[in-house]
Amino acid sequence: MINLKDAIIQLEKSCSSKIGLIVIVGACIILSIGLILGGVIYRYRWYIRYWYYSTKRRYFRGYVRLHDKPQYTFDAFVSYAEDDRLFVFNDLIEGLENDKGKKLCIHHRNFIPGCDISDNITNAIHESEKIVCLITKKFLESEWCNYELNIARVEGMWSRGGENMIIIVLMENISKKDLPIQIIELITNQTYIDYTDYIDMDIHVFIDMLNTAVED
């Protein structure tokens, strides 16, 4: 014989539904997996983008992989902010192309009309032997310049076995604390060109230095 009240409490406990607990636990598990997956995707986002556009280019656009070509289409792809457009056309094209005979990929001139910008950038980097980045404050603020720099870094690590293919040109005096970690790593581990050292000199001195970097 037991107390009726105790019996009712005991029956309520044994018959209570566990659906609420199951839903909460399941939601926590899904949330944890989502956070982990999101962290992995964010960390490797540039590899994922590069893989996506490389696969798209290879299988859906009819492009040929660089390793199957006898040479690159361009000697260098120039990555620059819109504010530096005149410098590129008046000095780089005149000096590197017309005087030095280098073939440059300039997005204002060489990108294929009608194609996605991301496709154009990935293809241009893939077909260029070197990547020249004109680093200014406007460059650092540009989403597409940041995209070009990171795709070039992945291209060097992924497709070219860690080859040193990026040429950093510091066009302005920018404090290191204002530079992103990607650029700090590049200027720490490899030689870069400081354009401010050549401002008071003949532009041809700078062009000679940049031409040597492209040929190296």
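A residue is called buried when its relative accessible area is under 20%, exposed when that area is over 50%, and partly exposed in between, with a 1.4 Å probe and protein chains only. The structure is a predicted model, in which local features need pLDDT of at least 70 and side-chain atom pairs count only at pLDDT 80 or more, while totals for chains, interfaces and linings use all residues. Residues are numbered from 1 along each chain as its sequence is written, and side-chain values use heavy atoms, with hydrogens and water left out.

**The whole chain**

The chain comes to 10 helices and five strands; helices (H or I, at least four residues) and strands (E, at least two) are DSSP runs, numbered from the N terminus. Of its 216 residues, 38% are buried. Contact means heavy atoms within 4.5 Å. Among contacts between residues at least 6 apart in sequence, 77% join residues at least 24 apart.

Next, colour by pLDDT, the predictor's confidence in each residue, from 0 to 100. The mean pLDDT of the protein chain is 82, and 82% of its residues reach 70 or more. Select residues 62-70, where the pLDDT is below 50; beyond near neighbours in sequence, this stretch has 16 contacts in the model.

**Helix α4**

Select residues 85-99, which form helix α4, and centre on Ile-93. A kink of about 40 degrees is centred on this residue; the bend at a residue is the angle between axes fitted to the seven residues ending there and the seven starting there. The buried residues of α4 are Phe-87, Val-88, Leu-92, Ile-93, Gly-95, Leu-96 and Glu-97. Their packing partners are β1 (74-79), β2 (104-106), α5 (107-110), β3 (128-135) and α10 (203-215). Just after α4, Gly-101 has a positive phi of about 80 degrees.

Which residues does Val-88 contact, leaving aside its neighbours within four places in sequence? They are Val-78, Tyr-80, Ile-93, Ile-106 and Leu-134. Val-88 is found in helix α4 and counts as buried because its relative accessible area is 0%. A C-alpha to C-alpha distance drawn from Val-88 to Val-78 gives 8.3 Å, for a pair 10 residues apart in sequence.

**Where α4 meets α10**

The contact is made by Phe-87, Asp-91, Leu-92, Gly-95, Leu-96 and Asp-99 of α4 and by Ile-203, His-204, Phe-206, Ile-207, Leu-210 and Asn-211 of α10.

- Leu-96 is buried, with a relative accessible area of 1%. Apart from neighbours within four places in sequence, Leu-96 is in contact with Asp-91, Gly-101, Lys-102, Leu-104, Ile-207, Leu-210 and Asn-211. Leu-96 and Val-214 are 118 residues apart in sequence and 9.6 Å apart in space, C-alpha to C-alpha.
- Asp-91 counts as partly exposed, at 25% relative accessibility. Setting aside neighbours within four places in sequence, Asp-91 is in contact with Leu-86, Leu-96, Ile-203 and Ile-207.

**The nonpolar cores**

In soluble globular proteins, nonpolar side chains tend to be buried together. A nonpolar core is a set of buried Ala, Val, Leu, Ile, Met, Phe, Trp, Tyr and Cys residues joined through side-chain atoms within 4.5 Å.

Select Phe-77, Ile-125, Ile-131, Cys-133, Ile-135, Ile-166 and Ile-168, which have the most contacts inside the largest nonpolar core, a set of 26 residues. The elements that give two or more residues to this core are β1, α6 (117-126), β3, α8 (143-158), β4 (166-170) and α9 (181-189). Of these, α8 gives the most, with five residues.

Around Phe-77, leaving aside neighbours within four places in sequence, the contacts are Cys-105, Phe-111, Ala-124, Ile-125, Ser-128, Lys-130, Ile-131, Val-132 and Glu-148. A second, separate core of 22 residues includes Phe-87, Ile-106, Leu-134 and Tyr-198.

Finish at Ala-124 in helix α6. Is Ala-124 buried or exposed? Ala-124 is buried, with a relative accessible area of 5%. Beyond neighbours within four places in sequence, Ala-124 is in contact with Phe-77, Cys-105 and Phe-111.
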